[in-house]
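Morning, everyone. Please have a look at the model on the screen, and I will walk you through a few places in it.

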Amino acid sequence: MPLTFTLDPAVTPALRDGLLDLWTDVSNAGGAVGFVPPVTREDVRPELLRHFAAMSEGRARLLVGHDEEGRVAATSFLTFNTHHLMTHWLWLYTVMVHPRHQGKGYGRDLLAAAEDAARGLGFEAIRLTCRGGLGLERFYASCGYKEVGRVPGAIRVGPGDDRDDIFMLLPLA
């Protein structure tokens, strides 16, 4: 059953809790979304609040996918550039699909919904970064993104475990 995507849903306590649960579960399953397991909801909460602050300031938009039971199953944040020479493209941050939904094509659906949202907002491209060592760049490439840069060893997930920071671009024009 496909997910139902909503751009800019009302941020209710239920949505906040669903996002916290999603982010915690994705992180603890080894997802590359800013944390290294193990994490708790309280570890994730400050980062989610930073995203909410960016939304309230008009610097970011929230895209949420709900499953057939109404649970938060996927999300990403579309974040605008503040530099006046780069306002024609946006960043896609914190791209997540709940582990219970992995392998159902929901990641592709989430990226397609983000692409539709960015086009609808008038943007010409989407940029994102991903952590090397997990094959994420192959997934994004299969969705039309091109690798446009790489910083070797820029992400330290643990002692002696440095990963590349990979920059990907999806032109929308």
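Let's start with Thr 24. Thr 24 is buried, at a relative accessible area of 8%. Buried means under 20% relative accessible area, exposed over 50%, and partly exposed in between, with a 1.4 Å probe and protein chains only. Thr 24 sits in helix α1, residues 13–28. Helices (H or I, at least four residues) and strands (E, at least two) are DSSP runs, numbered from the N terminus. Leaving out residues up to four places away in sequence, Thr 24 touches Val 39, Thr 40, Arg 41 and Val 44. Contact here means heavy atoms within 4.5 Å.

A word on the source. This is a predicted model, where local features need pLDDT of at least 70 and side-chain atom pairs count only at pLDDT 80 or more, while totals for chains, interfaces and linings use all residues. Residues are numbered from 1 along each chain as its sequence is written, and side-chain values use heavy atoms, with hydrogens and water left out.

Next, aromatic pairs. How many does the structure hold? Six. Rings of Phe, Tyr and Trp (its six-membered ring) pair if their centres lie within 6.5 Å; planes under 30 degrees apart count as stacked, over 60 as edge-to-face, the rest as tilted. Trp 23 and Phe 35 are edge-to-face, 6.0 Å centre to centre with 75° between the planes. Trp 23 is in α1, and Phe 35 is in the loop between α1 and α2 (41–56), 12 residues apart. Trp 23 is buried at 2%. Phe 35 is buried too, at 16%. Trp 91 and Tyr 93 are stacked, at 5.7 Å and 15°. Trp 91 is buried at 14%, whereas Tyr 93 is partly exposed at 32%.

Now the strands. Two strands pair if DSSP finds at least two bridges between them. Strand β5 (125–131) pairs antiparallel with β7 (161–171) over seven bridges. In that pairing, Arg 131 has Asp 165 as its bridge partner. Strand β6 (146–158) also runs antiparallel to β7, joined by eight bridges. Their hairpin has two residues between the strands, and Gly 160 takes a positive phi near 75° there.

Last, the core. The largest nonpolar core has 25 residues, and Leu 78, Ala 118 and Met 168 are among those touching the most other members. Such a core is a set of buried Ala, Val, Leu, Ile, Met, Phe, Trp, Tyr and Cys residues joined through side-chain atoms within 4.5 Å. Helix α3 gives the most, seven residues.
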